[in-house]
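Here's a quick briefing to read alongside the structure. Have the viewer open and follow the topics in turn.

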Protein chains: 2
Amino acid sequence: MLTNYGCMVVAEDLQCLKSIALMGGRDGPVSISTQKLGAELGISPQTASRRLISLEGQGLITRTIRPDGQFVTITGTGEEELRTEYASYQRIFEEGERMYRLEGELISGLGEGRYYVSIEGYVNQFRERLGIDPFPGTFNIRLIPASVETRRKMAGLDWIAIDGFTDHDRTFGGAKGLRCTIEGYDGAIIVPGRSHYPDDIIEIISGTGLRTALDLKDGDMVKIEVKRE
Amino acid sequence: MLTNYGCMVVAEDLQCLKSIALMGGRDGPVSISTQKLGAELGISPQTASRRLISLEGQGLITRTIRPDGQFVTITGTGEEELRTEYASYQRIFEEGERMYRLEGELISGLGEGRYYVSIEGYVNQFRERLGIDPFPGTFNIRLIPASVETRRKMAGLDWIAIDGFTDHDRTFGGAKGLRCTIEGYDGAIIVPGRSHYPDDIIEIISGTGLRTALDLKDGDMVKIEVKRE
DNA sequence: ATTACTAAAAGACGAGTAA
DNA sequence: TTTACTCGTCTTTTAGTAA
């Protein structure tokens, strides 16, 4: 254990302090037995006792010990410590640029997308619903594994429907699209309605010829950003 | 270590997960070296590495490891875990009955208070500003050590000023009061303006004769509640 | 530079026990 | 019942090292 030059409370101690706070230790003394606290935290009474001693030693709680138990109160310092932790979580969940980021390598298209962007029935919808007049050709990306998880989370976003249609007795399936930026360029992720695309591959359309504009070739890494909400 | 039957993530792992979230691991892959993470958490790179392995094993993060570092993303499960923790802190700070609780034993008064409640210049103010027509006699309490801290926190509350005055060439000092309830009965804590009362003793006035009403004698424990804000 | 293994050192844990 | 000590064990940590 590093000496922790006054900078931070050890994780277990903080967890223990949190439990005391949940029992009401911020508002006044709460009766806590080491057994009860131990059960709460999944540790032995002995260890619970040690935690309380440690918290007291750090000035995070004060105690009144009696033969039949003890009363514990969280000090101002202890409360500050909890507030700092709370602030971290607020930063995680309340702020943020609200952007999902995907990363992957450029691969040769599966062809399907190229086909889509040459059909008027689709192109019109891309233009009207997504605001993209697609460059003839798509951009296919194999996500790094760490991005596949992010892609899953994106299922909850507001995808725009691209309707299927029939033309000259031929049926064209539906799809859905989501606006994004590719290294700064506007575009959209397109996911065919039925066909099961592999989890780690996404197909992108853009008004720009991205391969040329970004000077990319197969295997190069690309970053994609998607606004949340 | 208990087996932790799927019920909870170990405190250190959670702390580590929180750090990753603060680096942006919720929105997409973040480049994290074990060294950087270790420095952030005050642990060695080896331990940081083990933490990441552990988090991955629990399905809380996914990783892409490269010879020159790694990309880490928080999974949906990991995010849930963080949200649960966040919810705990919200409960601590956002909810609650907003009551400070004090506890102590009834002691014989220091006399000073009894004096106060017999002087019209004070009594009028108690009545008008605190809404209390004081019973002649005060209630003195020696706080248990665990309550002394709470009393300190109460300094931030909205105390009502009791002004000093002069009568027949005699000077009467100011004081401040704060409404409270004593075992359910209305009253107020009175703190003399100048005199330095011991930290662990509080003096209470009430419209009721509390000793009789509550059937208390010296040494009995009493609970006092004060509304916050 | 990385990550993560092995092995020695450090530290934490819970059983037993006293007060 | 409590709290918290000692002590033996076991876990965790870090240093060293390999890939």
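Two strands count as paired if DSSP finds at least two bridges between them. With that in hand, β9(B) and strand β10 (residues 185-192) of chain B run antiparallel and are joined by 8 bridges. Keep in mind that this is a predicted model.

**The sheet around β9(B)**

- Let's stay with β9(B) and β10(B): they make a hairpin with 2 residues between them. In the turn, B:Glu183 has a positive phi of about 50 degrees.
- If you want a residue pair to click on, B:Cys180 sits opposite B:Gly187 in β10(B).
- β9 (residues 175-182) of chain B also pairs with strand β6 (residues 160-162) of chain B, in the antiparallel sense and over 3 bridges. Here B:Ala161 faces B:Lys176 in β9(B).
- Then there's strand β12 (residues 221-227) of chain B, which is antiparallel to β9(B) and linked to it by 2 bridges. Look for B:Ile182, whose bridge partner in β12(B) is B:Ile224.
- A handy thing to remember while you're looking: side chains in a regular strand alternate between the two faces of the sheet.

**Around DNA strand C**

- Which residues come nearest to DNA strand C? Of the 20 residues around it, those are A:Ser44, A:Gln46, A:Thr47, B:Ser33 and B:Thr34.
- Both chains show up in the list of elements that give two or more residues to this surface: α3 (45-57) from chain A, plus α2 (34-41), α3 (45-57) and β3 (69-74) from chain B.
- α3(B) gives the most to the surface near DNA strand C, with 5 residues.
- By class, the surface near DNA strand C splits into 10 polar, 7 nonpolar and 3 charged residues.

**Where chains A and B touch**

- Chain A puts 44 residues into the contact, and chain B puts in 44 residues.
- On the chain B side, the elements giving two or more residues are α1 (11-22), β2 (61-66), β3, α4 (76-94), β4 (99-107) and α7 (145-153).
- α4(B) gives the most to that side, with 9 residues.
- The side of chain B that touches chain A has 19 nonpolar, 13 polar and 12 charged residues.

**Chain A overall**

- Chain A has 8 helices and 12 strands.
- Is chain A compact or spread out? Its radius of gyration is 28 Å, well over the 17 Å that the globule rule gives for 229 residues, so chain A is more spread out than a compact globule.
- Along the principal axes, the C-alpha atoms of chain A fill a box of roughly 90 × 35 × 25 Å.
- Of the 229 residues in chain A, 35% count as buried.
- Among the contacts in chain A with a separation of 6 or more, 60% come from residues 24 or more positions apart.

**A closer look at A:Leu37**

- You'll find A:Leu37 in helix α2 (residues 34-41) of chain A.
- Why does A:Leu37 count as buried? The cut-off is 20 or more other C-beta atoms within 10 Å, and A:Leu37 is buried because 22 of them lie within that distance.
- Leaving out residues up to four places away in sequence, A:Leu37 touches A:Ser19, A:Ile32 and A:Ala48.
- For a sense of scale, A:Leu37 and A:Met154 are 40 Å apart in space, C-alpha to C-alpha, and 117 residues apart in sequence.

Technical notes. Residues numbered from 1 in each chain as written. Chains lettered and ligands numbered in written order. Predicted model: local features only at pLDDT ≥ 70, side-chain atom pairs only at ≥ 80, totals over all residues. Near = placed C-beta within 6 Å. Helix = DSSP H or I, 4+ residues; strand = E, 2+ residues; numbered from the N terminus. Nonpolar A, V, L, I, M, F, W, Y, C, P; charged D, E, K, R; others polar. Contact = placed C-beta atoms within 7 Å. Buried ≥ 20, exposed ≤ 12 C-beta atoms within 10 Å, placed from the backbone. Rg over C-alpha atoms; globule rule 2.2 N^0.38 Å.
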